[in-house]
Amino acid sequence: MTLSAADFATDAHGWAEFLPPRRPAPPPSGTLRADWAVIGAGITGLAAARRLAELNPDHRILVLEARLVGQGASGRNSGYAVTASHFAGGYRPDEAGNYRRVNRINTAGLGILRDQVETLRIDCGWHEGGIYHTAADAASMREYEAFAHYLNQLEIAHTPLSPEALASRLGTGLYRAGLHVHGGALLQPAALVRGLSDSLPSNVQLYEQSPVLRLEDGAPAVLHLKGAEIHADHVVLAANYEMGKLGFLHRYMLGSTLSGSFTRLLTPEERAALGSLPEWGVLSLHTGGATVRLTAEGRICIRNTAEYNGDALLSPQQLATRRALHRDGFERRFPQLAHVPFEYSWSGVEGLTRNGTNFFGRKRANIYLAGGYNGSGVSRGTAFGTAIAEFACGADSDLIADCLASAPGQWLPPRPILDIGAFFTVRKRFMGVGQDR
Ligand SMILES: Cc1cc2nc3c(=O)[nH]c(=O)nc-3n(C[C@H](O)[C@H](O)[C@H](O)COP(=O)(O)OP(=O)(O)OC[C@H]3O[C@@H](n4cnc5c(N)ncnc54)[C@H](O)[C@@H]3O)c2cc1C
């Protein structure tokens, strides 16, 4: 199959639209030579490029991004950088080692990101106040018990919260129970990736709106773009669920499309009706439940849909219908704000694997890849991106060992069987969601 720029569609609805206009880095032209080419300027690719540059100050590193920085999942997510992952489906003692491994990776990623945000003075609203995990209905109450047990077993710092305590902190009486996990940060995702890309070391050159249309194996590898060819000694593939387009992980990852909405800025009186905290982030203990944030600037952001849409963003018409679901979730939580309109809705595509694993490693003599974090890639993608750069440079570390220990991905069938399977998988995700949506 021959790819074209049309295979990398995007839209102008995301967190990037809250930021000031920015001049994109122009695409390359002609034949270029590089020591390293990084494909994808999301969290993984940017972390990899930075680390490669630190380890090889004399090398030339090129980053190719199909869209504008901030238009991929890294700029469209809900902005939670977690330390403790929630493994849905109950605590399994035989999985404790795996839970610890994933949480070590998350924690390493959060630490790297914190240092970068501080050192590079990235203005992304970084707020390290922990994360709320909540339950509003019967199924999530069962998950609440399991998650509390998991946090206790793994000695993860947290505070259980009654419905009254949640209501006074978050301004909603919907939740029947909650756990505040002390670790974890909230941030503006598009501001983060823009900040990371605008502060890349001087031996890194970024090209935006520059999809790699074909990757030719060899020494050097050859990257074919419209109007340009790049000969690179080494390649790091950080293209998330789109790696299949270049012939990697085909049938091991798919895109799940999520959507959410933001209210307009709340007035001081409306904010006062929301409880005592200046900002907060809630993750549902139900897999189909809503992710809800009060952002630092004073908007409520709610994301509560997920579906298989052929790896694509939602069309404006699709988004308009999903907005009714966002609205319902918002008004059930905050009846005191029922008069507050939504200003903005957006969708984003996350990379899913069938068995919830992540990908990390060497795929050819000089091609490495990292990605596929199943909706939890802000801290983990930072760790994977950093570690894949170190691994590709021949290093050995506990973090690399943890990333390499990711379970192999499970095979996905081709379309149309994939569509049917994905439809039922997504339906299962929402089973029993009830009031948590
Ligand atoms: C709505 C939503 C909410 C989420 N919420 C959270 C959250 O709160 N916390 C969390 O941890 N995770 C969350 N996630 C998941 C998280 O966003 C991802 O796991 C993470 O951003 C993945 O980073 P990445 O760099 O690997 O991939 P991406 O951010 O997808 O970056 C890959 C980049 O590669 C580019 N690309 C692809 N193919 C090519 C090519 N051929 N040539 C050049 N460039 C190419 C793409 O344009 C893209 O920019 C969410 C995801 C979505 C969609």
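Predicted model: local features only at pLDDT ≥ 70, side-chain atom pairs only at ≥ 80, totals over all residues.
**View C. The pairing of strand 5 with strand 6.** Strand 6 spans residues 177-181 and pairs with strand 5 in the antiparallel sense. The pair is joined over 4 bridges.

**View D. Helix 1 against helix 9.** Helix 1 (residues 43-55) packs on helix 9 (residues 378-392) at an angle of about 35 degrees. Their axes are 7 Å apart. The crossing of helix 1 and helix 9 is right-handed. Helix 1 makes the contact through I43, T44, G45, L46, A47, A48, R51, L52 and L55. Helix 9 contributes V378, G381, T382, F384, G385, T386, I388, A389 and E390. By class, the contact of helix 1 with helix 9 has 10 nonpolar, 6 polar and 2 charged residues.

**View E. Helix 3 against helix 9.** Helix 3, residues 96-119, packs on helix 9 at an angle of about 85 degrees. The axes of helix 3 and helix 9 are 7 Å apart. Helix 3 and helix 9 are therefore roughly perpendicular to each other, as angles of 65 to 115 degrees count as roughly perpendicular. From helix 3, the contact draws on I105, N106, A108, G109, L110, I112 and L113. These meet S379, R380, T382, A383 and T386 of helix 9. The contact of helix 3 with helix 9 divides into 6 nonpolar, 5 polar and 1 charged.

View F. The domain assignment gives domain 1 as 5-75 + 190-253 + 355-406. Domain 2 is 131-182 + 255-352 + 423-436. Taken over C-alpha atoms, the centres of domain 1 and domain 2 are separated by 30 Å. In the contact, 14 residues of domain 1 touch 11 residues of domain 2. The side of domain 1 that touches domain 2 has 5 nonpolar, 8 polar and 1 charged residues.

View G. The bond from A219 to P220 is cis. Its omega is near 5 degrees. P220 sits in the loop between strand 9 (214-216) and strand 10 (221-225).

View H. The bond from R415 to P416 is cis, and omega is near 5 degrees. P416 belongs to the loop between helix 10 (398-404) and helix 11 (417-429).

**View I. The backbone at R251.** R251 has a phi near 75 degrees. This is a positive value in a residue other than glycine. The loop that holds R251 runs between strand 11 (228-237) and strand 12 (254-263).

Terms used. Residues numbered from 1 in each chain as written. Axes fitted to C-alpha atoms, helices over the stretch in contact; angles between N-to-C directions. Helix = DSSP H or I, 4+ residues; strand = E, 2+ residues; numbered from the N terminus. Left-handed = near helix turned anticlockwise from the far one by under 90°. Contact = placed C-beta atoms within 7 Å. Nonpolar A, V, L, I, M, F, W, Y, C, P; charged D, E, K, R; others polar. Pairing = 2+ DSSP bridges. Domains from an automatic or database assignment. Parallel < 35°, antiparallel > 145°, perpendicular 65-115°, else oblique.
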